[in-house]
Amino acid sequence: MVRPNILFLMSDEHRADVAGFAGNEVVRTPFLDKLAETGVVFENAYAPSPICVPSRQCMMAGQLPKTCNCEGWIDLEPGYLTFSRLFSQYAYETICCGKLHHQGFDQMQGWTQRPAGDLQVTPNYIKGAIPEEYAKYQRPFGDYKWTDSKEVKRAGAGTGRPAAGDREWTDAAKRAAETYFNDITYDREQSRKPLMLKLSLLEPHYQYMVDEEKFGYYLNRVPVYLDEPVSEHPFLSQRQVRPGLDASPRELRRATAAYYGMIENIDSMYAEMAEMLEYVGENLDDWIIIYTSDHGEMLGQHGIWEKQKFYEGSVRVPLIVRWPKGFAGGQRISQNVSTCDIYATLCELTGIPMPKGLDSRSLVPLLNGNTEGWFDEAVSQFSLVNVPVPAGLESAGKLDNVMIKQGALKYQWYAGMPEVLFDLEKNPEETIDYSDDPAYADSMAHFRQRLAELGHGPQADMHYINAGYNI
């Protein structure tokens, strides 16, 4: 078969409900709205981890953090069979411009080209590194990461590092596409291998800054979370920015406005990418196009900013898949899915055999409107194994937090802390914990059993291999 080209669009920290196609009437996202209108929207897509590094590595590996040993800010082992590496083995040209967040010496992880990106090798992977020398310059976590309140206070009009990087990466991706399909300088025929092109942007990740036009447009239009009930749970209550104490209501409004503007930024850059492909003669109806993000942003809801939580604002992500030649567009899928499922989905859509042992389920049946037999589950994990606990999280003790969502029920287990159960059908605001409600006793027993099967909790299966989706 002639395998289709793939355009993989990804952002960082895009809250799922801040998009026009998600019903938000303030933010301007015309490109993503059109993609959603002509593609398939997964309304309950979840990150395998509500933080950057493990979420991205797990998506590329098609495996949960425990399966691929990315429990914390840990990169995949060198040579790991990511879907980019698998597709390159099947003669795909795999080009990525932008953020991958790899921290080991295998900075490509299967991509054949990286014209621009966030290359970063940690001292652990520098051959011959002298630990004593690096220890002289070791900084506390708080020295290079602003507090959440400082991020809010510094928000406003301007060009932040995320926007500057995104501009560079988008231009690089456009040049890569033009060279691949036109190569005007040499004017020579190309091999025309199938192409997987990823544009992975950093916005709307903080710093919360955007150009004056967008900032001015959103400043007096955005909804702002101010009078939010804050959970008493020892973990869910962390990372508060208290209105009037840690930041003023005006500062919270400024940060929210900048965040909205950054989402408009990425929308316009994705549009540029699509226009370049059309410019070089490509029909985007022939392409598989995917859009997603690594996790969301609390944005002040529940009194919390940034991520790390299993609240919807932090762990749920946008996910759109479009391929007019493969399945009908205009669908909305309500089943629970994971960004880990992208791996198996791309394999089935392109006819590439899926490796064994993945925590990845092909979304193709759902794309074709068939929900029968779908295991309606999404699992997410925020754990730090052999990783120092950052400042501000010490009170949580050992971090091994797991979310299992089945249907409308979202179960959460926290090592050394109380369990939590939300029922999003009864309480979509996630303000009521049903874990001690007798009416949910059977559900709690079921989730505890599943938690053990996933290798977590007091009864954890010590022989855990994977989530058991593809036995």
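Trainee: What are the ground rules for the numbers?

Mentor: Residues are numbered from 1 along each chain as its sequence is written, and side-chain values use heavy atoms, with hydrogens and water left out. The model is predicted, so local features need pLDDT of at least 70 and side-chain atom pairs count only at pLDDT 80 or more, while totals for chains, interfaces and linings use all residues.

Trainee: Why is H456 called buried?

Mentor: Buried means under 20% relative accessible area, exposed means over 50%, and partly exposed is in between, with a 1.4 Å probe and protein chains only. H456 has a relative accessible area of 5%, so H456 is buried.

Trainee: Where is H456, and which residues does H456 touch?

Mentor: H456 sits in the segment after α14 (441-453); helices (H or I, at least four residues) and strands (E, at least two) are DSSP runs, numbered from the N terminus. Not counting residues up to four places away in sequence, H456 touches K66, E71, Q381, D400, V402 and L451, where contact means heavy atoms within 4.5 Å.

Trainee: What makes the pair H456 and D400 a polar contact?

Mentor: A polar contact is a pair of N or O atoms within 3.5 Å; within protein, one must be able to donate a hydrogen and the other to accept it, and residues adjacent in sequence count only if both atoms are side-chain atoms. The side chains of H456 and D400 are joined at 3.3 Å, as a polar contact.

Trainee: How do you know whether S314 is buried or exposed?

Mentor: The relative accessible area of S314 is 0%, so S314 is buried. S314 lies in helix α11, and a polar atom of its side chain is 3.4 Å from the backbone nitrogen of Q308. Contacts of S314, leaving aside neighbours within four places in sequence, include P50, H295, G296 and E297.

Trainee: Which terms apply to N69 and H302, buried or partly exposed?

Mentor: N69 has a relative accessible area of 45%, so N69 is partly exposed. H302 is at 2% relative accessibility and therefore counts as buried. N69 has a positive phi of about 60 degrees although it is not a glycine, and N69 is in the loop between α3 (65-68) and α4 (83-89). Phi of H302 is also positive, near 60 degrees, in a residue other than glycine; H302 is in the loop between β8 (288-293) and α11 (312-315).

Trainee: Why is helix α2 described as largely enclosed?

Mentor: Ten of the ten residues of α2 (residues 52-61) are buried, so α2 is largely enclosed by the rest of the structure. The cover over them includes β1 (6-11), α3, α4, β6, β8 and α12 (341-350). After α2 comes G62, with a positive phi near 65 degrees.

Trainee: How do you know that the buried residues of α9 line one face?

Mentor: The buried residues of α9 (residues 212-219) are K214, F215, Y218 and L219. Seen down the axis of α9, they fall within an arc of 125 degrees, so they line one face of the helix; the arc is that of the directions from the helix axis to the C-beta atoms. In general, an α-helix has 3.6 residues a turn, so residues three or four places apart point the same way. The buried residues of α9 pack against β5 (156-157), β7 (209-210) and α10 (249-279).

Trainee: What makes α9 oblique to α10?

Mentor: Axes are lines fitted to C-alpha atoms, for helices over the stretch in contact, and angles run from 0 to 180 degrees between N-to-C directions. Angles under 35 degrees count as roughly parallel, over 145 as roughly antiparallel, 65 to 115 as roughly perpendicular and the rest as oblique. The axes of α9 and α10 come within 8 Å and cross at roughly 125 degrees. That angle makes α9 oblique to α10.

Trainee: Which term applies to α8 and α10, and why?

Mentor: The axes of α8 (residues 161-181) and α10 come within 9 Å and cross at roughly 10 degrees. That makes α8 roughly parallel to α10. The residues in contact include P162, A163 and D166 of α8 and M262, N265 and I266 of α10.
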